[in-house]
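Try each task on the structure before you read on.

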Amino acid sequence: MRPYFAAFLGAITLAVSALAQPLACPPVASAAGRPCETFHYHVQLFRPDTREFIELYGINQFASLPACERARDTQFKRNIAVVEFMRGQRRDWWQADKFGQCHCDMTVEKASPNALTEAARAQQVQNAEEIRQRVRERLLDAKAPPDSDLIRDLAPPLSATPLIGGPKLVAMPAPVAAGNVSNSPDDLRITKAVDTTTPSTSSLDLPLADIPLPGITPPAEVPAQVPAPAPVSEPVPQTAPAPQPAPAPIPEQVSVVADEELPSPEDVADAFVSYESQRIQNVLKVSSSIGDESVKAQVLDACTQRIQLLSNLRSIIVGSGAKSRLVASANVAKKESDRLAIVAKLFGSDAPSHWAPKDAADVIFDPGVTDPERVLRDSSASDQQKRHALYALLATSSPTEQQQLWLNSVIEALLK
Amino acid sequence: MPPSEEFVKAVYFGKKFADMKDYANAYQQFAKADGLQPDVRGVLYNMGVLLARAGRFSESQAKVDRYNQLFPAGAEKPLVARLQLELEFERELQKKRQTDEEYTALFTRGRFLYVKGDLVAALKLFQDAEQQRPTDPAAVFNQGIVYEKLGDLPKAAERFHRYEELEPDAGAKASADQRVLGIESEMSDMKTKIICPFCGWRLPIGAMWCPHCWHGPYLTSPSPWSSRPCTDGATATRATYFADNRFAKNDSLPCLFNGTMLEALRYTPARQRQVQDARKAEGWTYSGDVIQAWHDRQGNEIRYVQGAGYLEKIISPSGGELLLFAAHRADAGIWLLDREDLVIDGVKYTSHYTFDAQNRITQQQVVYQNAAACNDVITMTAIATYANDLLAGLKVRGGYSGTLVQGSPRADWEANIVYSYDDAARLTKEELAVTSMTKTYMEKPYGFARQEVSSLYPEMRVRKPIERMLATGDRCGMTGAIVLSNPIDLRPFYAFSPNMNLALPGGVTRATVSFTYPDSYKVR
């Protein structure tokens with residue numbers, strides 16, 4: 001055991017000195033400043049037949065310094081094992097191989113004195129193999145088992161990275177499972193066909209009804225100045241009395257809470273229609289004195305139509321909204337001329353004389369329209385025709401709520 | 001009966017709250033008033049209005065109905081009529097909103113399915129969307145995107161053209177135009193390119209190797225590479241024989257491609273993505289379409305060092321291996337290897353290729369150290385001959401000089417491979433014959449090697465060729481009781497044929513590969 005240990009120590013000493021040998025490629029100017037891509041180490045192999053060292057530097061190449069150093073360390077340990085074995089077999093003359101440091105491989109640099117052609121490199125491999133065979137032969141001669149690690153480890157290592165040696169022709173890979181596929185949502189467009197600006201609910205501008213509360217809600221005010229309807233200028237024949245100004249109409253139970261800045265359509269409707277209702281009441285009163293029953297009947301008929309018209313007009317004013325032209329016009333129509341101007345705009349330039357008759361019989365007004373709705377919807381009809389049609393429609397029918405909405409727009413157009 | 005004080009207060013408060021636009025509390029007060037004195041006209045109406053303002057339209061409608069029932073000619077009638085219209089309008093609005101929401105939901109669901117990768121289902125939803133609103137460009141655009149992902153480029157192009165008709169925005173139109181141009185270029189590539197099934201790179205039809213991973217060969221024209229299609233009725237059987245004509249064994253060679261190689265590798269964007277996705281799943285990374293590196297969680301790494309036109313090195317920083325490549329450009333997109341390192345079963349083979357004017361390999365020289373046996377440095381050369389554009393034969397020579405210790409053996413062998421085709425240019429037979437194998441020991445082996453050699457070749461005499469080498473194969477050494485040999489290794493000559501991709505076991509000197517094809521199989 002003792003001689004073996006001594007031999008081992010000797011081998012270690014030799015090996016350490018061997019590691020310190022400056023076995024390196026001389027620097028090459030053309031490679032200076034470039035990152036090193038290939039590393040190697042030089043080795044002086046001990047040739048047992050001549051007991052000389054042969055330096056080889058074309059038998060290893062590595063892609064990284066750590067890989068080079070790992071391989072060098074492995075090779076070093078294997079060589080130490082050989083030295084240890086041989087010295088243990090009383091071959092004290094056996095020398096350890098000398099390993100240089102791992103460094104940038106200049107054998108690939110054409111300008112380097114160490115540059116190697118492929119043939120020269122193959123020759124170095126051949127030389128290494130020659131020495132390896134001699135070492136093997138001596139090991140076997142020294143009774144090293146032929147299938148021992150000592151003998152096997154003499155051989156150059158095989159590539160250990162499986163992917164490096166994959167097949168050159170591969171099959172088409174199977175599709176990756178759908179779960180692993182992800183497409184970016186940004187690839188797609190978002191629809192603009194949906195109108196996102198439409199509010200989720202319509203704006204509801206309906207006012208609340210004012211509920212009369214005893215002792216709290218003041219009685220609805222009478223219009224400060226209700227202008228007297230223009231008297232019928234001349235009584236109808238046969239002592240038809242002229243219409244008298246009407247007393248202020250008593251407000252309905254319900255008045256409307258008006259917007260502070262805009263007129264309340266209800267108030268405007270009340271004021272306008274009440275005044276006009278009184279006007280027609282006056283005509284009716286006067287009409288009782290008409291002697292000609294035929295004329296009287298026509299006057300009554302015309303007044304009935306007017307009452308129907310005013311009722312409809314009230315609904316339309318209320319429904320037209322505080323900002324409508326109709327409400328605005330009716331609201332400012334305090335003077336008789338203003339009222340008649342509205343009437344002319346609504347029902348035609350020939351309507352005012354019938355609207356505010358000087359004679360009760362003048363209230364008779366035949367707009368000459370048999371199908372007023374058709375005329376109103378007819379884009380080719382003149383404004384005058386439409387105005388007559390509006391009179392006829394309002395005087396002779398009770399428009400539905402939908403018709404009232406439509407009439408609102410018709411009237412807005414006529415008031416432009 | 002005069003209203004109660006509580007009623008008066010509730011109505012008053014209700015109005016005050018309404019004035020403050022606090023409609024919820026206003027409603028509560030009117031509801032309270034209604035509870036104290038039911039069915040007061042104004043209260044009913046006000047409740048209807050406040051409920052409508054709160055978006056409680058069905059409750060508002062109930063109040064309107066109640067009002068109309070009790071007060072058909074009530075003073076609030078015009079207002080109630082308008083409220084009724086408002087409620088109907090709200091219903092109309094709700095209906096429109098629901099339709100819009102349903103339409104938008106098609107896009108949301110389609111988007112979700114698209115992101116998830118369920119392209120067919122996503123496409124169906126965008127088609128439904130187009131049916132509902134045929135002029136919505138987004139539905140058409142998204143169909144185009146999905147068709148593109150599905151690889152149906154003609155349909156994608158048609159969809160994007162339609163999109164351009166519908167889209168009013170000039171910028172969006174221009175971007176779609178660029179996309180159409182890209183698709184048309186892709187469609188052109190589908191006619192003229194194949195993909196490398198390893199890295200997914202697009203190659204011109206006719207390229208032998210992929211220049212970014214050096215996988216291949218991709219010989220899509222009639223060649224031995226089209227001899228093993230994956231179709232019914234196609235078979236490839238390799239029989240090997242010993243030197244004395246004894247049968248060694250039969251190998252049924254697996255098929256290589258569905259249909260011809262050209263059909264299997266023809267470029268489509270989907271196929272390219274399929275390859276890239278598969279590699280990425282394995283740990284490979286890309287820069288654009290160029291493969292770059294692989295690594296695993298254990299720290300193993302492989303880097304592909306891409307030069308200006310082709311892959312110059314494969315390095316393994318962890319394992320230290322280094323494979324070098326040199327190539328020249330032969331045609332647009334076609335690179336031919338001049339030098340290649342190849343690792344098979346851990347042994348590195350270095351090949352040098354020579355090509356003719358038609359970019360066909362005329363010669364390949366291989367050098368390797370057979371670390372799997374006796375570490376001899378072996379050189380092999382293959383010379384190809386062609387007849388009528390078809391590979392007709394391959395003459396392969398190999399040999400090495402052993403070490404002095406081994407007795408300086410000189411080994412040489414020669415083999416011929418002959419290729420036969422039918423009238424349709426389909427390979428029918430590939431026959432290998434080792435025509436010679438010689439080994440001569442120039443010196444007496446040393447020491448233990450002498451014993452080894454005499455046990456390997458008992459009749460060995462220095463400078464006299466070993467007899468019956470063909471029958472024994474090239475035995476070079478022993479490890480323990482195991483005999484090591486240098487087989488005739490044809491694997492580095494992979495570029496000529498996939499069918500003789502073998503190292504001949506000792507004593508095997510003949511191999512025949514026979515092929516059958518269905519009548520319908522065409523290689524041209």
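**Exercise 1. Which residues does Phe325(B) touch, not counting residues up to four places away in sequence?**

Step 1. Start with the rule: two residues are in contact if their C-beta atoms, placed from the backbone, lie within 7 Å.

Step 2. Under that rule, Phe325(B) touches Trp214(B), Tyr310(B), Leu311(B), Glu312(B), Lys313(B), Leu337(B), Arg339(B), Glu340(B) and Asp341(B), leaving out residues up to four places away in sequence.

A word on the model before you go on: it is predicted, so local features need pLDDT of at least 70 and side-chain atom pairs count only at pLDDT 80 or more, while totals for chains, interfaces and linings use all residues. Residues are numbered from 1 along each chain as its sequence is written, and chains are lettered from A and ligands numbered from 1 in the order in which they are written.

**Exercise 2. Are Phe325(B) and Ala330(B) buried, partly exposed or exposed?**

Step 1. Find the strand. Phe325(B) lies in β9 (residues 322–331) of chain B, and Ala330(B) is also placed in strand β9 of chain B. Strands (E, at least two residues) and helices (H or I, at least four) are DSSP runs, numbered from the N terminus.

Step 2. Recall the cut-offs: a residue is buried if 20 or more other C-beta atoms lie within 10 Å of its own, exposed if 12 or fewer, and partly exposed in between, with C-beta atoms placed from the backbone.

Step 3. Phe325(B) is buried because it has 21 C-beta neighbours inside 10 Å. Ala330(B) has 16 C-beta neighbours inside 10 Å, so it counts as partly exposed.

Step 4. Now look at the partners of Ala330(B): beyond four places in sequence, they are Trp335(B), Leu336(B) and Asn359(B).

**Exercise 3. At what angle do helices α7 and α8 of chain B pack?**

Step 1. Locate α7 (residues 137–150) and α8 (residues 153–166) of chain B; the angle is about 160 degrees and the axes are 8 Å apart. Axes are lines fitted to C-alpha atoms, for helices over the stretch in contact, and angles run from 0 to 180 degrees between N-to-C directions.

Step 2. α7(B) and α8(B) are therefore roughly antiparallel, a term for angles over 145 degrees.

Step 3. The residues of this contact include Val140(B), Phe141(B) and Tyr147(B) of α7(B), and Ala156(B), Phe160(B) and Tyr163(B) of α8(B).

Step 4. Sort the contact residues: nine are nonpolar, two polar and four charged. Here Ala, Val, Leu, Ile, Met, Phe, Trp, Tyr, Cys and Pro count as nonpolar, Asp, Glu, Lys and Arg as charged, and the others, Gly among them, as polar.

**Exercise 4. How many residues does each chain bring to the contact?**

Step 1. Chain A brings 72 residues and chain B brings 93 residues.

Step 2. On the side of chain A that touches chain B, α3(A) gives the most, with eleven residues.

Step 3. By type, that side of chain A has 40 nonpolar, 18 polar and 14 charged residues.

Notes. Parallel < 35°, antiparallel > 145°, perpendicular 65-115°, else oblique.
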